[in-house]
Amino acid sequence: MFICRRFLQIGTVTLVLAGCASAPPGPTAAQPAPEPSGGNAPIRIGPARPADEPAAASTLTGALRPDARGYAEQLAAERGLALEPVVAALESARYNATVARLIAPSPPGRKVWRSWITYRARFVEPKRINWGLQFWEENQTLLTQAAQRYGVPASIIASIIGVETLYGRNMGSFRVLDALATLAFDYPDPAKPERAEMFRGQLGDFITLALQDKLALDARGSYAGAIGMPQFMPGSIRRYAVDGDHDGHIDLANSVADSVMSVGNFLVEHGWQRGLPVFAPVILPPDPAALASGGLQPTQTWASLRAAGARLAPGARADGWQDRPLGVVDLVEEARGTVQYRTATPNFFALTQYNRSYFYATAVADLAAALEARR
């Protein structure tokens, strides 16, 4: 349950890399990122790479830049890789100006209004619901197996794949190596060196996977380097992807089984709890702004919420979630100055580890609910 009131407070906001089921740990915003991942909304499709596109990590002579050479040597040493293939991979990377433009922050003085209503309408809409029902019908056995194995409902897994890539219809066409090298060595916001460092980590994971024959060096994905139906970043592929069809190879671009099982595994590894809803059936007090921390960890309990005036929704039961940490999330309608509040369980916060955005996690939950209602 939720309530809507005049805007009183917004949690601390930090612009974050859109989605990607791999966002690195660390302080990030609970309020919405502009898009889900490279999928982690309509994925922006990059143009074909011009033949004369400049190298991403090399000088005009073709040799690696000193910083890229040092990176290659460190990566090879840390991962036990031969240096020559690492260098060759980096030398083949090309700077992609479109990637840099899409990741760049908004120009100074340009106000981007955050709107939960607009965001939700992009994902909980008839086309995505209909395609989701078709996806569920075609993969019912697989989704049931994933739900039994991981405790993540079929509707949630289907919803994530729908939000990310329209059920595999829109996985991105940027050359991942080019995108990651561009962001690793020429990140467009010099004021945020930690972003470039994060992308260097993802680039290292991608090159490692490619040299281990687990990914093609010419793999395509989102402008942020996310890959496949569930839009996993390379780091998440290394750590959380699953061979769901047991063919000895993980292929998130072509295997529905690998994609479905990988989403389930990712969520469990990030705190998903079997049997819990995403939102608790709670009616919050008239002015709940002080209860919303704006973070990615639950900071309330059922006892603390009741003490503040919260109560169970009529006909609802406190069956399991009341013993877990809870959080009050604020979904802002900035131009109108209103906020919608909901009471989130740990499973909501597991979804924010897929994309560190309240908007994203709530849209996934609402699309899942719409799919269940239509089933």
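Tutor: Let us begin with a definition: a residue is buried under 20% relative accessible area, exposed over 50%, and partly exposed in between (1.4 Å probe, protein chains only). Glutamate 137, at 51% relative accessibility, therefore counts as exposed. Please note that this is a predicted model, in which local features need pLDDT of at least 70 and side-chain atom pairs count only at pLDDT 80 or more, while totals for chains, interfaces and linings use all residues. Residues are numbered from 1 along each chain as its sequence is written, and side-chain values use heavy atoms, with hydrogens and water left out.

Student: With which residue does glutamate 137 form a salt bridge?

Tutor: The general idea is that side chains of opposite charge can pair when their charged atoms come close. A salt bridge is a side-chain nitrogen of Lys or Arg within 4 Å of a carboxyl oxygen of Asp or Glu. Glutamate 137 forms one with arginine 375, and the closest N and O atoms are 3.4 Å apart. Glutamate 137 lies in helix 5 and arginine 375 in the segment after helix 14, so the pair ties together parts that are 238 residues apart in sequence. Helices (H or I, at least four residues) and strands (E, at least two) are DSSP runs, numbered from the N terminus. Arginine 375 itself counts as partly exposed, at 43% relative accessibility.

Student: Over which ring does the charged end of arginine 375 sit?

Tutor: A charge sits over a ring if NZ of Lys or CZ of Arg is within 6 Å of the ring centre and within 35 degrees of the ring normal. The charged end of arginine 375 sits over the ring of tryptophan 136, 4.4 Å from its centre. In another case, lysine 111 lies over the face of tryptophan 113, at 5.2 Å from the ring centre.

Student: How many salt bridges does the structure hold?

Tutor: The structure holds 16 salt bridges. One of them joins the side chains of arginine 114 and glutamate 334, at 3.2 Å from N to O. Arginine 114 lies in the loop between helix 3 (97–103) and helix 4 (116–123), and glutamate 334 in the loop between strand 6 (327–333) and strand 7 (338–344), so this pair ties together parts that are 220 residues apart in sequence. Arginine 114 is buried, with a relative accessible area of 14%, and glutamate 334 is likewise buried, at 17%.

Arginine 120 forms a salt bridge with aspartate 366, the closest N and O atoms being 2.8 Å apart. Because arginine 120 lies in helix 4 and aspartate 366 in helix 14 (residues 358–374), the pair ties together parts that are 246 residues apart in sequence. Arginine 120 is partly exposed at 31%, whereas aspartate 366 is buried at 10%.

Student: Which residues are linked in a network of salt bridges?

Tutor: The network links Arg65, Asp67, Asp186 and Arg200. Aspartate 67 is found in helix 1 (residues 66–79), and with a relative accessible area of 31% it is partly exposed. Contact means heavy atoms within 4.5 Å. Leaving aside its neighbours within four places in sequence, aspartate 67 is in contact with Phe185 and Arg200.

Student: How should I read a pair of aromatic rings?

Tutor: A pair of aromatic rings is described by the distance of the centres and the angle of the planes. Rings of Phe, Tyr and Trp (its six-membered ring) pair if their centres lie within 6.5 Å; planes under 30 degrees apart count as stacked, over 60 as edge-to-face and the rest as tilted. The structure holds 16 aromatic pairs. Among them, phenylalanine 135 and tyrosine 167 form a tilted pair, 5.2 Å centre to centre with 35 degrees between the planes. Phenylalanine 135 lies in helix 5 (residues 126–138) and tyrosine 167 in the loop between helix 7 (154–165) and strand 2 (174–175), so the pair ties together parts that are 32 residues apart in sequence. Both phenylalanine 135 and tyrosine 167 are buried. Ring pairs also link Phe232, Tyr240, Phe266, Tyr354 and Tyr360 into a cluster.

Student: What is the phi of tyrosine 167?

Tutor: Tyrosine 167 has a positive phi of about 60 degrees although it is not a glycine. Glutamine 231, also a residue other than glycine, has a positive phi near 55 degrees.
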